[in-house]
Amino acid sequence: MEPFQSPAELDQYKRKLDWDANIILDTMQQITIKFKIRDNFFLITAVYARCTALERLELWEELEDLAGREHCPWVVGGDFNVILSEEEKLGGLQLDRILVNQEFMDIFPSSEVHHLIRHRSDHAPLHMTCNSVEGHTLKPFRFLNFWSKHKYFKKIAEDNWCVDFVGNPFVEFQAKLKKIKKALSAWSRTVYGDIFQQIATIEDVIKVKEAQMEIHPSESNREGLRKVEAELKKFLKMEEEFWKQKAGMK
């Protein structure tokens with residue numbers, strides 16, 4: 001599949017964004033567009049790297065040249081076909097990433113990147129949110145129905161449904177809600193984490209376990225595969241319940 005769109009399609013996106021944009025570099029492994037919003041410039045580079053180290057050398061030289069002559073906020077993202085360390089070698093599939101320079105971080109210090117669920121592909125869509133003021137954006141609290149099925153949920157709720165003062169019943173009730181929301185949010189991050197990222201990671205583990213089974217079909221490898229498949233089934237059920245709740249389905 002061709003990684004980049006045709007010039008006509010790119011012009012169509014530019015018109016929809018209502019940004020002044022120019023392609024400053026378009027090669028086999030990357031395309032870089034320079035955007036202007038009012039009086040501010042920034043770069044976006046989409047990468048689709050070659051498979052061999054020798055072929056990728058051309059890409060690194062292009063990016064190094066851009067870094068030397070462009071000094072505006074810069075986002076580089078896509079499939080780099082390379083890992084940063086041995087720890088990333090899980091399944092050989094965590095090759096999609098987004099990188100930014102210091103100029104970008106100075107403007108958007110609270111930016112985050114999430115790997116979304118893969119669908120019929122080894123590549124995960126990358127969702128990036130850019131926040132200019134750290135801690136300024138407040139995420140609304142959302143109670144997730146599957147929390148209530150956890151064996152420790154009731155205890156968490158009971159332990160935090162109390163406040164260290166007595167006063168106006170409405171103020172007291174509001175304080176209880178605030179405390180339990182904070183406790184449940186922290187508990188969910190610890191117990192469940194990002195369920196979508198968990199699913200993506202477990203899928204990678206399953207591929208590794210399946211490869212191990214093909215090489216050495218021992219009972220221990222078979223049991224390891226069964227355990228991780230059961231874990232995936234659990235998180236897929238959570239994902240299903242999440243989308244049902246979000247859609248208001250019974």
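The model is predicted: local features need pLDDT of at least 70, side-chain atom pairs count only at pLDDT 80 or more, and totals for chains, interfaces and linings use all residues. Residues are numbered from 1 along each chain as its sequence is written, and side-chain values use heavy atoms, with hydrogens and water left out.

**Overall content**

The chain has seven helices and seven strands. Here helices (H or I, at least four residues) and strands (E, at least two) are DSSP runs, numbered from the N terminus. In order from the N terminus, the elements read α-β-β-β-α-β-β-α-β-β-α-α-α-α. Of the 250 residues, 29% count as buried. Buried means under 20% relative accessible area, exposed over 50%, and partly exposed in between, with a 1.4 Å probe and protein chains only. Among contacts between residues at least 6 apart in sequence, 50% join residues at least 24 apart; a contact means heavy atoms within 4.5 Å.

**The sheet**

An open sheet is built from five strands in the order E1-E2-E3-E4-E5, with mixed pairing. Two strands pair if DSSP finds at least two bridges between them. Strand E1 (20-26) and strand E5 (96-100) are at the edges with a single partner strand each, so one side of each has no neighbour in the sheet. From one strand to the next the twist averages 15 degrees.

E1 and E2 form a hairpin with three residues between them. Their pairing is antiparallel and covers six bridges; in it, isoleucine 23 has isoleucine 33 of E2 as its bridge partner. Strand E3 (residues 40-48) and strand E4 (residues 74-79) run parallel and are joined by six bridges. Tyrosine 48 has aspartate 79 in E4 as its bridge partner.

Helix H2 (residues 53-69) packs on the sheet, where it touches E1, strand E2 (30-37), E3 and E4. The direction of H2 makes about 20 degrees with that of E2. Axes are lines fitted to C-alpha atoms, for helices over the stretch in contact, and angles run from 0 to 180 degrees between N-to-C directions. The loop between E3 and H2 holds threonine 52, which is partly exposed at a relative accessible area of 37%.

**Helix H5 and its surroundings**

The 23 residues of helix H5 (residues 169-191) should span 33 Å at 1.5 Å a residue, and the end C-alpha atoms are 32 Å apart, which agrees. The expected span is 1.5 Å times one less than the number of residues. At the start of H5, the backbone nitrogen of phenylalanine 170 has a side-chain oxygen of asparagine 168 within 2.8 Å. This is a polar contact, that is, a pair of N or O atoms within 3.5 Å; within protein, one must be able to donate a hydrogen and the other to accept it, and residues adjacent in sequence count only if both atoms are side-chain atoms. Just after H5, glycine 193 has a positive phi of about 65 degrees.

The buried residues of H5 are Glu172, Lys176, Ile180, Ala183, Leu184, Trp187 and Ser188. Helix H4 (153-160) is included in what covers them. Asparagine 160, in H4, is buried at 17% relative accessibility. Leaving aside neighbours within four places in sequence, asparagine 160 contacts Lys176, Lys179, Ile180 and Ala183. Lysine 176 is likewise buried, at 18% relative accessibility. With neighbours within four places again left aside, lysine 176 is in contact with Asn160, Trp161, Cys162 and Val163.

| Pair | Residues apart along the chain | C-alpha separation |
|---|---|---|
| Threonine 52 and asparagine 81 | 29 residues | 8.4 Å |
| Glutamate 229 and isoleucine 202 | 27 residues | 8.1 Å |
| Lysine 176 and tryptophan 161 | 15 residues | 5.6 Å |

Glutamate 229 belongs to helix H7 and is partly exposed, with a relative accessible area of 34%.

**Nonpolar cores**

In soluble globular proteins, nonpolar side chains tend to be buried together. A nonpolar core is a set of buried Ala, Val, Leu, Ile, Met, Phe, Trp, Tyr and Cys residues joined through side-chain atoms within 4.5 Å. The largest such core has 21 residues, and those with the most contacts inside it are Phe146, Trp147, Tyr192 and Ile195. H4, H5, helix H6 (195-215) and helix H7 (219-247) are the elements that give two or more residues to this core. Apart from neighbours within four places in sequence, tryptophan 147 is in contact with Phe141, Arg142, Phe153, Leu184, Trp187, Ser188 and Tyr192. A second, separate core of 10 residues includes Leu43, Leu63, Cys72 and Val76.
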